[in-house]
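Trainee: I would like to go through this structure with you, one topic at a time. May we begin with a look at it?

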Amino acid sequence: MQAGKMTPFIKTGAIWAFVVLELIFFSVAGEFLSLSDKPFMDLDNMLLLLKQSAPIGIIAMGMTIIMINGNIDLSVGAIFALAAVILLDSMSWAIFAGLGDWVIPVSWALALLTGVVLGAVNGLIVWKTGVDAFIVTLGSMLGFRGLVFMYNGENPTSELNWTLVDFAEAQFLGLHTATWFLAAVTLVIWYVMTRTVHGRNAYAIGNNREAAVNAGIRVGPHMMINFMIIGFLAALSAVVFYSESGSVNPNDGQLYELWVITAVVLGGTKLTGGAGSIIGTLGGVLAIQLLRKGLGHIGADTETVNLVIGLILIAVLFLDRQLNLKGKEELKT
Amino acid sequence: MATLSKQDIGKILARQGILIAFAFFIIGFTLANGRFLSPDNVMGVIRSSAILGVMALGVTFVVISGNLDLSVGSMMSFSTIVVLDLHDKIGPALAIPAMFAMTLCLGAFIGFLVGYLKLNSLIVTLGMLSAIHGLTLTYSGGKNMDIADKDGTWFDVFGQGTALGIPVPILMFLALAALLGIILAKTPFGRKVYAVGGNGTAATFSGIKRARTVFLCYLMSAGCVATAGLIQASRSLGSQNTVGQGLELEVLAAVILGGASLLGGSGTIFKTVIGVLILGFIQNGLLLVGLQFYVQFVVTWIIIILAVWLDIAAKRGKLWSNIA
């Protein structure tokens with residue numbers, strides 16, 4: 001019994017230990033290797049790190065629910081891009097011309113709605129056809145990306161609204177707007193997963209779908225809601241990011257699904273479903289961002305980041321399996 | 001002869017649905033544009049599908065053995081860049097085997113992780129997608145790779161040459177398809193691949209070395225990727241670092257379209273070739289009738305979902321899922 005309680009704790013702890021390790025490593029190595037005089041643990045640098053974690057982090061929270069459910073969503077990068085295009089394009093639509101700056105909340109709502117609708121499409125197909133979520137979202141990853149390109153060809157969609165940029169660049173209590181969004185999303189999803197029936201059901205379905213059905217949980221609608229949540233979060237991530245940058249390329253968000261899944265798996269969520277935590281995912285997101293920033297800080301090529309992250313992902317998978325095998329052996333004896 | 005019941009007809013429709021839909025596509029496109037079925041166009045489509053097709057052949061083995069390979073795209077970039085780089089350094093005759101050896105090493109590494117260490121293939125190959133991409137960029141320093149003397153080399157024969165009036169990429173694709181088709185359908189190894197993917201535990205109990213079979217599947221996939229990289233490099237004689245990016249998903253789409261189940265244990269080389277051709281012809285057909293290039297993504301999406309849906313609907317005997 002104790003092993004069962006301890007293992008998740010060790011796993012959530014492990015990713016945070018890794019985060020601390022990275023901080024120490026890059027601080028020390030930075031002393032010798034960095035070209036700049038600034039220490040790695042500089043307050044501004046850390047605040048920037050949190051801000052840069054937001055786009056991946058916000059989506060990763062949704063992916064955690066999806067993966068605890070035993071599903072996966074490969075289309076988040078495409079949803080991110082389409083929501084961004086809608087956000088920036090809708091600001092210059094003629095029907096909103098008279099709104100002035102009130103166009104901002106309208107465009108935000110439209111972008112978020114896009115995300116929810118695309119998520120609902122994924123969820124509905126998974127529910128009604130019974131096709132595996134991997135295939136469904138693999139397909140919609142192509143399809144949604146196609147919609148992005150059909151919208152505006154290969155041209156970037158741009159719209160700079162200074163009120164919006166000021167809002168996105170603002171710092172409240174020291175933290176950037178994007179960081180606040182990440183914090184809020186983390187808090188809300190954490191609450192949902194640990195304190196509500198919906199969260200409990202998510203774990204139950206991921207653990208044993210048959211048993212969940214027998215216990216009277218309506219699996220289909222539950223999964224569809226989760227796909228709508230991740231669609232919403234992918235759009236929210238786009239809203240936060242592009243409010244500041246003001247220009248989106250049709251290829252933006254490509255490979256986001258890989259970064260997000262890497263973060264979630266690093267955070268200890270099982271691909272098979274039934275296990276995982278939001279706090280762990282937050283650790284995974286920070287670990288990846290630290291690695292990206294840290295490698296740059298010590299003067300490594302940005303190219304090595306991909307190499308290192310890929311290998312770390314595999315190493316974590318290996319360690320995780322060893323831990324699990326050990327746990328099982330302990331239970332047997 | 002027994003008469004067909006309504007249910008049987010339904011099953012046949014669902015099983016062969018993809019071929020029937022394909023036939024309708026062809027007829028529709030031909031009516032819309034007479035050039036669609038001209039020999040030139042057909043040859044062009046197969047030729048441009050060859051790279052994707054060669055990769056799909058290897059991935060078919062991996063998928064039948066019950067695993068996934070998402071790393072083929074970045075692995076193809078790697079082999080393309082490596083062979084182009086070595087071409088100028090040690091000459092094409094040595095560059096090709098060296099590139100094959102390096103790519104096979106990557107395949108062996110993945111095969112070791114998935115086969116012998118029994119790690120989840122989705123995550124391993126996802127990690128390798130990123131890792132190999134990093135490796136390629138480190139190797140090339142992020143720069144594009146070009147052959148210095150493009151006119152004075154015989155290296156372009158694999159991508160641009162013709163033999164007996166047929167482009168070499170097509171010949172390579174078909175030859176490889178025939179070879180791998182025979183290996184998969186007619187040899188003990190092929191049967192082992194099906195057994196491991198169909199029911200791994202049962203296969204192990206009947207004395208099949210599961211780890212080794214999976215390992216060999218990844219090795220074959222890497223070999224196919226190296227061949228695809230060779231064709232790509234030879235065709236363009238220069239390349240970006242990201243030439244194969246995203247191809248892993250198109251390859252997987254072709255394999256799934258051919259009817260291989262992601263759960264493993266089913267699929268054939270012939271069906272994969274059909275899947276590759278369907279993707280190629282639809283892409284070409286949509287362009288010929290004057291639609292935007294990007295419409296094909298949306299159409300591919302719909303076709304993949306429909307194909308898989310019909311397949312599992314036929315298996316469960318019901319159109320809609322049993323999910324409450």
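**Helix packing, chains and contact**

Mentor: This is a predicted model. In it, helix 7 (residues 177–195) of chain A packs with helix 12 (residues 278–297) of chain A at an angle of about 145 degrees, and their axes are 9 Å apart.

Trainee: Which residues of helix 7 of chain A and helix 12 of chain A make the contact?

Mentor: Helix 7 of chain A contributes A:Thr186, A:Ile189, A:Trp190 and A:Met193. From helix 12 of chain A come A:Ile278, A:Ile279 and A:Leu282. The residues of this contact comprise six nonpolar, one polar and no charged.

Trainee: Now the two chains. How many residues does the contact take from chain A and from chain B?

Mentor: It takes 43 residues from chain A and 40 residues from chain B. On the chain A side, helix 4 (103–129), helix 5 (133–152), helix 10 (219–245), helix 11 (256–266) and helix 13 (303–332) each supply at least two residues.

Trainee: Which helix of chain A gives the most to that side?

Mentor: Helix 5 of chain A does, with 14 residues. By class, the side of chain A that touches chain B holds 26 nonpolar, 10 polar and seven charged residues.

Trainee: Let us turn to chain A as a whole. How many helices and strands are there in chain A?

Mentor: Chain A has 13 helices and four strands. Its radius of gyration is 21 Å, close to the 20 Å that the globule rule gives for 333 residues, so chain A is as compact as a globular protein of that length. Of those 333 residues, 50% are buried.

Trainee: And what are the helix and strand counts of chain B?

Mentor: Chain B has 14 helices and four strands. The radius of gyration of chain B is 20 Å, close to the 20 Å given by the globule rule for 324 residues, so chain B is as compact as a globular protein of that length. Along the principal axes, its C-alpha trace spans about 65 × 55 × 40 Å. Buried residues account for 51% of the 324 residues of chain B.

Trainee: Which residues of chain B does the UniProt annotation "transmembrane region" cover?

Mentor: The unreviewed UniProt entry places that annotation on several spans of chain B, including residues 162–185 and 251–279.

Trainee: What do residues 162–185 of chain B look like in the model?

Mentor: Residues 162–185 of chain B are 75% helix and 17% strand, with the end C-alpha atoms 30 Å apart. Residues 251–279 of chain B are 62% helix and 0% strand, and their end C-alpha atoms lie 10 Å apart.

Terms used:
Residues numbered from 1 in each chain as written. Chains lettered and ligands numbered in written order. Predicted model: local features only at pLDDT ≥ 70, side-chain atom pairs only at ≥ 80, totals over all residues. Contact = placed C-beta atoms within 7 Å. Nonpolar A, V, L, I, M, F, W, Y, C, P; charged D, E, K, R; others polar. Axes fitted to C-alpha atoms, helices over the stretch in contact; angles between N-to-C directions. UniProt positions renumbered as here; feature names shortened; annotations may be inferred. Rg over C-alpha atoms; globule rule 2.2 N^0.38 Å. Buried ≥ 20, exposed ≤ 12 C-beta atoms within 10 Å, placed from the backbone.
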